[in-house]
Amino acid sequence: MRTATADQATDVTAARISPVTGEVRIVSALSPEGRAATRVPVSPREPVFAGHYPDFPIFPGVCVMECVHRSALATAPEPVELAAVKSARFAAPAFPGDVLDIDLIWARAGGAWRLTATAATARGATASLRLRYRAAGSALQAPAGPAAAAPAAALPGMPEPADLLPHRYPMLLVDRVLSLRPGERITAVKAVTHNEPWYAALVPAQDLAYPASLLIESWGQSAGLLASAATPRDRDQVMLFGAVAGAEFHRPVFPGELLEHHITIARSLDDSVIFEGESRGGAGPVMSVERMVMAFRPAGQLRS
């Protein structure tokens, strides 16, 4: 089991596209028992704050996940790539100016690696995650030729994503609704392009795979569209990413691909909704989601 250093952390994370600009600082290098700890500052200048609830900035749950993932890349026993989010639960939001303290535990699981991680701010626990990693480069690659077939035309009368979601550039990650049956299912489209801000500082030979965290965010926003269309809520209600389980990544996604998110409501409760479904590219599924929970909370409750 190799031991990561701060220099290795910079080398490992700098070559990947990410929605988070904060530096991963290794507090405790990987021990022989598989434990490590990192710290990631949440700068008020993070690009995501411009479009993630602009009037009430919250560090997106998927960005907390991204900080854990980047910490994993910086401390992994060998070069790895994310294969699945087995589970992720979010106990409390993070805000501009917070510092995330992340504890990681690595364990070998057959031919893969299992990571258990927790993230906390000075106020207490923020998230707990169980992730599965595979050897770097072992995932199926996108097929040669056209990246994806053109999506089906949207049905007349479909809502505009910005009309139902509070997200704005650069965090509005749904382009079009193809079909919608309120209270049941939705199909929405996301086009991945080089023009997204995450690709602004490209360097030669950089890994161009779209961040898994943003793929989950785009899928979650599509789920939020479905929830909002089924039961429109007061603007003071904040939609939060509550939990995800069984998110499997089947292959990387690259600029130029058109993704279709297919989502159904598995269960609807008073203040939360449970979804399931998948994301598909031109060559088949790129991600499947066993369960995602979206919760609605009063903004005043979160501010307190």
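Start by selecting Arg132, which is partly exposed at a relative accessible area of 28% (buried means under 20%, exposed over 50%, partly exposed in between, with a 1.4 Å probe and protein chains only). This is a predicted model, where local features need pLDDT of at least 70, side-chain atom pairs count only at pLDDT 80 or more, and totals for chains, interfaces and linings use all residues. Residues are numbered from 1 along each chain as its sequence is written, and side-chain values use heavy atoms, with hydrogens and water left out.

Because Glu248 lies in strand β9 and Arg132 in strand β6, the pair ties together parts 116 residues apart in sequence.

Next, colour the strands (DSSP E runs of at least two residues, numbered from the N terminus). Twelve of them form an open sheet with antiparallel pairing, in the order β1-β2-β4-β5-β6-β3-β9-β12-β11-β10-β8-β7; two strands pair if DSSP finds at least two bridges between them. β1 (25–28) and β7 (176–181) stand at the edges with a single partner strand each, so one side of each lacks a neighbour in the sheet.

Inside the sheet, show β3 (residues 80–90) beside β6 (residues 124–135): nine antiparallel bridges join them, and Arg89 has Ser128 in β6 as its bridge partner.

Finally, visit the hairpin of β7 and β8. Three residues sit between its strands, and Gly183 takes a positive phi near 85°. Select Glu184 and Arg185 for another salt bridge, with the closest N and O atoms 3.5 Å apart.

Note on methods:
Helices (H or I, at least four residues) and strands (E, at least two) are DSSP runs, numbered from the N terminus. A salt bridge is a side-chain nitrogen of Lys or Arg within 4 Å of a carboxyl oxygen of Asp or Glu.
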